[in-house]
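Hi there,

I'm passing a structure on to you, with some notes on what turned up in it. Please have a look at it first, and then read on.

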Amino acid sequence: MSLTLSARDEAMLAGQAGEAARMAMRILVTMARVTDATHLLDISSAHIDGCLYHGQSGLEFAERLLEGGARVSVPTTLNVGAIDLLHPEYFQGSEDQAQRARRLMQLYEAMGCRAVWTCAPYQNAQRPSFGAQIAWAESNAIVFANSVLGARTNRYGDFLDICAAITGRAPAAGLHLSENRRGQLLFRLRDIPERLKREDVFYPVLGYLVGARSFLKIPVIDGLPMGVTEDQLKALGAAAASSGATALFHAVGVTPEAETAEAAFQNTQPEKIIDVAMDDLRDALKKLSTAPDGDIRVVALGSPHFSIEEFSRLMPLIKYLPAHKDVEFIVCTNRQVFSELQKRGWLDDLERAGAQIVVDTCVVVSPIVRAPSGVLMTNSGKFAHYAPGNTGLEVVFGSLEECVRSAALGRVWRDEILWH
Amino acid sequence: MGNAFKSRVLVEGSGRGRALVLTEPLSLWGGLDPQTGEIIDRRHPQRGKTVTGRALIMTAGKGSSSASSILLEAIRAGTAPAAILLMEADAILALGAAVAREMYAKALPVVVIDADDYATLRDDQMIDISEDGTITVSDGE
């Protein structure tokens, strides 16, 4: 298949919109070939992951773009950085590392991006509408935008996201196109108690299972209850995008492209039907932990960033706190939610209970945890997946209540009814 | 004794290295230390192996979109594989290699091969990839 570029694309490629737009368009054209796109399409927003410091190369890339006159041409938000700019003292890395991370964040702001510093940009007031073509990075934001909002993005990564934001263009391929959004695998929930489906902890576990079993295919989940919340879907998607490469899932009767199973499959047959029973969930639950129940050093919540609704579920549980003297109790969120916490007086309550509220970043992308080793407990499938590799700590997964009560005890507390 | 076949080129370049066949896909973010080239994902069967200079072979990419950053950083730091061979195209890995070409003029070929060819590859075979995507596999040396 050959790629046809518009006159404007060609002009950018020829350098008429500056050196940065030329480099951005060159990378886009390579990626269009990788994805077999026949043309590029206009995007209406971008979300940028490249502002997270991974090393010198990302910094050099952003510097090269800015030197070339880079400026975003569509509304563009920024994902987490490596520094909590409101609480820079939380950063446990070297001063040199902190400066580089901060510099990278500044470079992306200087290109005209909005400094929301969150991995949950979809929980801000302005979010993409159904059917909108967008170029988003951050695996959990991608799966949420596609699945829950019905906007259309591929799995953009660092670099390509800013190339799309600068040029306002993206390869017309993959999930930008209706025919590629068809469900492929049917997951049927079998004999899962309705009681469990109402629990928040059900969703990251189900997501972890669905992501691992569907991998590159698009899963359709049948059997989610009416009234499933956005935070539950966010947890499901984030876990599925961690254990697999899920960029889009459909939930029958819940997500906008799945009013019915037929709609989700675009009137085709599922390639495979997978029945999910309690034993499968217990197995996925087990895989989310790398350590046995025992002493813990850290409780980390908020991946994706905690919403105000999630805080409202946490607040009644802080009666179990303060945290044990050996336990760091950390909640990651964004500034918008943080200022709402201040307004409601919840921040004071949380801080009195010993909670450390982190904004702009999170504990798996930034050295914030002080404990050099031991066990981190979380209610997030994404933290559970990435914490061992990124923090060096072992991990134990549990529900929100299990996390809070464990924080108080300094060792894992279990709600024995949950998974029975 | 050699075996040659064609691949679909995602990012072109020539490269040569001993095969490292991953039995499960690896998410580079949280899975690879770009300073050392070591696989650090504790759940990964090949944890502890080093990808540097190897022909890294896995069915597909996986996980966070930050994988392209990790790959670029590994290329910059000189810890990257010599080539990446996949069974399914992965835009995020291809991107890391495409940006490296812009930034550092360093070629790390990323190619997609057929399932049948994939099934013949074994650890430590010598893999040569040419610019046009021809792959030559030899057991000896």
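Chain A of this predicted model is divided into three parts: domain 1 covers 7-179, domain 2 covers 182-286 and domain 3 covers 289-409. Taken over C-alpha atoms, the centres of domain 1 and domain 3 of chain A are separated by 28 Å. Where these two domains of chain A touch, domain 1 contributes 21 residues and domain 3 contributes 17 residues. On the domain 1 side of that contact you will find 12 nonpolar residues, eight polar ones and one charged one.

Now to chain A as a whole. Its secondary structure amounts to 16 helices and 14 strands, and the C-alpha trace spans about 65 × 55 × 35 Å along its principal axes. Buried residues make up 55% of chain A. Among contacts in chain A with a separation of 6 or more, 79% join residues 24 or more positions apart.

Next, the contact between the chains. Chain A puts in 36 residues and chain B 32 residues. On the chain A side, the elements giving two or more residues are helix H2 (19-34), helix H3 (56-67) and helix H15 (381-391). That side of chain A has 14 nonpolar, 15 polar and seven charged residues.

Which residues does Ala94(B) contact, leaving aside its neighbours within four places in sequence? They are Met31(A) and Val34(A) from chain A, together with Leu10(B), Val11(B) and Val110(B) from chain B.

Is Tyr53(A) buried or exposed? Tyr53(A) counts as buried because 24 other C-beta atoms lie within 10 Å, and the cut-off for a buried residue is 20 or more. Not counting residues up to four places away in sequence, Tyr53(A) touches Gly58(A), Ala82(A), Arg100(A), Ala101(A) and Leu104(A). Asn334(A) is 281 residues from Tyr53(A) in sequence, while the two are 18 Å apart in space, C-alpha to C-alpha.

Enjoy exploring it, and write back with any questions.

Best wishes

Conventions: Residues are numbered from 1 along each chain as its sequence is written. Chains are lettered from A and ligands numbered from 1 in the order in which they are written. This is a predicted model: local features need pLDDT of at least 70, side-chain atom pairs count only at pLDDT 80 or more; totals for chains, interfaces and linings use all residues. Two residues are in contact if their C-beta atoms, placed from the backbone, lie within 7 Å. Helices (H or I, at least four residues) and strands (E, at least two) are DSSP runs, numbered from the N terminus. Ala, Val, Leu, Ile, Met, Phe, Trp, Tyr, Cys and Pro count as nonpolar, Asp, Glu, Lys and Arg as charged, and the others, Gly among them, as polar. Domain bounds come from an automatic or database domain assignment. A residue is buried if 20 or more other C-beta atoms lie within 10 Å of its own, exposed if 12 or fewer, and partly exposed in between; C-beta atoms are placed from the backbone.
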